[in-house]
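Could you walk me through this protein model, step by step? I am new to reading structures and would like a friendly tour.

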Amino acid sequence: MNEHATTETPVARLQESIQQHSRYSLGRSWADLSPRDRFNAVALAVRDEMVDRMLETERRYSGAHSKRLYYVSIEFLIGQSLGNNLHNLQLRDACRQALLNLGSNLEDIEEIEPDAALGNGGLGRLAACFLDSLATLGLPGFGYGINYEYGLFKQEIDDGYQREKPDNWLAQPSPWEITRPEEACLVPVYGHIEHSVDRFGAYNPMWMDWRVLIGVPHDMLIPGYGGRTVNVLRLYSARSSRDFDMGIFNDGDYFKAVQQKIASETISKVLYPSDAIVAGQELRLVQEYFLVACTLRDVIRRFEANHPDYSTFASSVAIHLNDTHPALMVAELMRILVDEKNLEWDEAWRITQSTLAYTNHTLLPEALEKWPVPMFEHVLPRHLQIIYEINRRFLEQVSAAGPGNIGLVQSVSLIEESSPKHVRMANLAMVGSHSVNGVAEIHSNLVKTALAPDFHRLFPERFNNKTNGITQRRWLLNANPGLANLIRDAIGDAWITDLDRLRDLDRFAGDPAFRASFRNVKHSNKERFAAIIRATARVKADPASLFDIHAKRIHAYKRQLLNLMHVIHEYLSLVEDGRTPAAPRTYIFAGKAAPGYWVAKQIVKAIHNIGRVINSDARARDWMKVAFVPDYRVSLAEKMLPAADLSEQVSTAGMEASGTGNMKFALNGALTVGTLDGANIEIRDEVGPENIFIFGLKANEVREIRQSRSYRPWEYCDSDPRVRRVVETFHTNRFCPDEPELFTWVHRRVLDVNDEFLHLADLAPFLDIQDQIAQAFTDPDHWTRMAILNVARIGKFSSDRSIREYAEDIWRIEPA
């Protein structure tokens with residue numbers, strides 16, 4: 001990989017590189033470096049290993065004239081990179097030895113690295129897994145995102161309440177990023193349209209007086225397993241067009257000049273600015289356009305370097321929209337092709353549709369972005385014109401296909417005729433793309449039948465399913481070395497790049513020695529995580545108890561509240577009825593609530609208050625503990641997932657698109673309790689219904705109840721005293737003695753006929769299945785057999801499989 005690669009061992013090469021960076025990049029000897037700078041020196045040495053491979057990868061792609069994928073996502077939840085990069089480069093043992101020679105420990109240095117705060121949840125983590133798989137499969141695929149200075153937020157807990165603190169992960173520059181100022185691009189925003197004609201008398205609108213932003217790219221290198229392919233994630237930071245506007249400065253208004261510079265750079269400052277106020281909505285719109293515009297300028301720069309015209313654009317370029325956030329790509333590509341490259345509209349539209357593909361990730365109406373037309377026109381006047389023209393032509397086609405069908409026209413229009421009017425970004429993405437996919441079989445069917453049935457009738461060939469996946473390199477090899485080594489000893493390591501090979505573990509499920517080793521690995525992981533719980537949540541968890549984990553974004557549809565009602569039921573059964581649980585259990589919650597989401601933040605408070613009462617009650621001490629582990633993030637998940645016995649996947653059926661946490665837990669030997677929602681259905685089909693705990697209403701039953709308005713929640717209380725007792729607890733101050741009536745909102749909510757998440761309809765079945773789970777846990781051999789079979793049969797859910805399907809069916813890209 002470098003001039004010494006053929007004569008030096010990997011240990012010697014890394015050790016020399018680390019010392020070189022200590023001295024010449026950081027200006028100190030290794031012994032004098034701070035812990036953070038020791039991490040920086042190691043990271044820079046590892047980055048050097050990747051740079052040579054990245055240059056060789058690019059040479060290979062260029063030589064093969066490869067069609068390239070550009071994967072555009074508002075989030076990339078990378079987490080820590082050092083451990084994963086070393087595994088993929090197969091240099092972990094060499095790096096460990098090099099650091100031992102320097103008197104240091106690799107694991108200690110890995111812990112210093114901050115999580116790259118470039119995402120929030122499943123959307124961003126999926127994108128990161130996809131990048132890993134693209135590189136491992138040798139595919140020419142590149143990520144494009146925003147280089148947020150601040151992540152979502154750091155979650156702290158104060159008296160049970162969530163408090164948000166800034167997550168300034170780039171307070172010190174990341175050693176993984178290579179800044180490319182020479183490839184910065186200009187992004188126009190605001191301004192107005194001047195209506196004019198060209199020399200032939202044709203309408204020629206001119207976008208005038210726009211403000212210029214500068215997008216500065218920063219490259220993070222993404223190595224595939226084995227290190228042969230290293231792709232790039234390009235992240236853009238926003239800068240003002242100059243340090244500040246000298247015209248304003250010369251007029252004497254220095255503060256206005258500085259204010260304009262600050263406003264420009266705010267665009268890449270923070271992930272998901274609040275859209276509760278107009279200024280926040282506008283910032284989010286500018287942020288999304290900034291991502292789209294920077295990406296497309298870079299794509300076009302690369303394309304034009306090797307192609308004389310645009311006739312081969314769609315056969316050379318694939319652009320994927322990861323949810324609706326980059327949907328402006330449709331209008332921006334049309335604007336560039338028509339306004340800047342002087343293509344005829346029909347040719348530009350053919351290229352645009354052939355190039356773009358769109359993944360829908362949610363059925364929740366609030367997540368399907370819509371922008372007020374007046375604000376849109378203020379920020380992007382030319383793009384609004386283009387969207388109106390796309391809409392006019394599209395609706396002419398729709399009307400010709402179904403004359404007089406006003407309802408169809410209103411349904412599929414890119415413009416919602418509300419007051420004010422809104423631009424529908426999901427509709428724009430579906431009209432402007434050649435492929436529209438969901439992310440689990442049930443979700444893709446619901447996209448076709450519930451979310452966009454009219455679009456599906458118009459373009460049935462565009463709609464398809466691509467079930468999500470996870471990378472086993474991070475979520476097993478890196479996160480759970482004990483289990484990874486056990487599997488290697490049993491069946492070899494082919495599973496690292498072919499997860500279906502885990503099927504070879506099936507025959508070990510009945511092996512007493514293997515089961516004992518599997519339990520020992522799980523227990524060690526639980527001991528490690530119990531120490532984290534003690535340090536962060538101040539709760540003493542018994543590693544011998546059942547670790548019941550509910551870790552995901554706090555949201556009503558994910559039904560942390562349903563899980564809490566089970567906790568209350570078990571507690572009341574113990575202290576009021578004298579019924580001891582079949583097995584001791586530690587209930588572990590983790591996840592962040594959006595800062596403006598009152599219900600979610602109150603659920604966090606409820607978890608803490610209920611936990612405080614239970615954890616301090618001597619009667620429950622040997623049987624129940626409740627812990628909320630704060631600041632859920634990738635590096636925490638890597639320690640939590642291997643420790644889980646039970647994975648809570650209890651969303652209201654038909655509301656979770658897929659989920660990937662369910663896959664990660666199962667891969668690490670946790671059993672799932674869940675509804676028939678998202679990928680739970682496909683997991684059941686793979687692992688077998690006897691190795692998963694399924695309960696509750698099905699998606700069609702949920703839909704029927706909502707449509708018929710037949711939900712009568714009090715009837716569940718009347719018919720089941722367990723349900724009634726739990727519900728009535730929220731009407732008392734049992735869990736809020738110092739804050740009377742704090743949780744009466746829960747009582748009102750779950751008894752409301754408009755509870756769209758149908759908590760009480762699923763509560764009794766949930767309590768019943770939890771009794772079965774507790775009983776199953778008392779038989780360690782049987783439980784372990786089920787857990788091993790979950791690991792053995794989870795191969796379908798590798799992101800390698802997902803990416804192969806995207807590459808073959810949608811992007812049409814091949815390894816170089």
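Before we set off, keep in mind that the model is predicted. Let us begin with empty space. Rolling a probe the size of a water molecule over the atoms shows where empty space is left. One place to look is the second largest pocket, with a volume of about 950 Å³. Its lining is made of 37 residues, and the closest to the centre are Arg335, Val338, Asp339, Glu340 and Arg382. Several elements give two or more residues to this lining: strand 6 (185–189), strand 8 (206–208), helix 9 (278–304), helix 11 (329–340) and helix 14 (381–401). Which of these elements gives the largest share of the lining of the second largest pocket? The answer is helix 9, with six residues. Sorted by class, the lining of the second largest pocket holds 21 nonpolar, 13 charged and three polar residues.

Is tryptophan 207 buried or exposed? Its relative accessible area is 11%, and buried means under 20%, so tryptophan 207 counts as buried. Leaving aside neighbours within four places in sequence, tryptophan 207 is in contact with a list of residues that includes Pro188, Val189, Tyr190, Tyr289, Leu380 and Pro381. For a sense of distance, take tryptophan 207 and isoleucine 390: they are 183 residues apart in sequence, and their C-alpha atoms are 18 Å apart in space.

Next come the cavities. How many cavities of 30 Å³ or more does a search of the whole structure find? It finds five. The largest cavity holds about 190 Å³ of space. Its lining has 18 residues, and those nearest the centre are Ile78, Ser81, Asn84, Asn85 and Ile222. Helix 2 (35–64), helix 3 (82–89), helix 6 (122–136) and strand 9 (211–223) each give two or more residues to the lining of the largest cavity. By class, that lining divides into nine nonpolar, five polar and four charged residues.

Helix 17 covers residues 441–451, and its buried residues are Ile442, His443, Ser444, Leu446 and Val447. What covers these buried residues of helix 17? The cover includes strand 16 (436–438), helix 18 (453–458), strand 17 (463–465), helix 26 (680–687) and helix 27 (699–708).

Another pair to find is helix 22 (residues 560–575) and helix 29 (residues 721–729), which pack at an angle of about 105 degrees with their axes 10 Å apart. Angles from 65 to 115 degrees count as roughly perpendicular, which means that helix 22 is roughly perpendicular to helix 29. On the side of helix 22, the residues that meet helix 29 are Met565, Ile568, His569, Leu572 and Ser573. Their partners in helix 29 are Arg722, Arg725, Val726 and Thr729. The residues of this contact of helix 22 with helix 29 divide into four nonpolar, three polar and two charged.

Stay in helix 29 for a moment to find arginine 724. With a relative accessible area of 36%, arginine 724 is partly exposed. Not counting residues up to four places away in sequence, arginine 724 touches Cys717 and Asp718. The C-alpha atoms of arginine 724 and threonine 266 are separated by 50 Å, and the two residues are 458 apart along the chain.

Our last stop is the backbone. Most residues other than glycine have a negative phi, and most peptide bonds are trans. Where does this model depart from that pattern? A cis peptide bond joins serine 419 and proline 420, with omega at about 0 degrees. Proline 420 has its place in the loop between strand 14 (415–416) and strand 15 (422–424). Arginine 559 has a positive phi, near 55 degrees. This residue lies in the loop between strand 18 (546–551) and helix 22, and arginine 559 is buried, with a relative accessible area of 1%. Leucine 758 also has a positive phi, near 50 degrees. Leucine 758 is found in the loop between helix 30 (744–750) and helix 31 (759–777), and it is buried, with a relative accessible area of 2%.

Technical notes
Residues numbered from 1 in each chain as written. Predicted model: local features only at pLDDT ≥ 70, side-chain atom pairs only at ≥ 80, totals over all residues. Heavy atoms only, no water. Buried < 20%, exposed > 50% of the residue type's maximum accessible area, 1.4 Å probe, protein only. Helix = DSSP H or I, 4+ residues; strand = E, 2+ residues; numbered from the N terminus. Contact = heavy atoms within 4.5 Å. 1 Å grid on protein atoms, 1.4 Å probe; cavity = no way out; pocket = protein on both sides within 12 Å on 5 of 7 lines; lining within 4 Å. Points joined across faces, edges and corners; volume = space filled by probe spheres on them. Nonpolar A, V, L, I, M, F, W, Y, C, P; charged D, E, K, R; others polar. Axes fitted to C-alpha atoms, helices over the stretch in contact; angles between N-to-C directions. Parallel < 35°, antiparallel > 145°, perpendicular 65-115°, else oblique.
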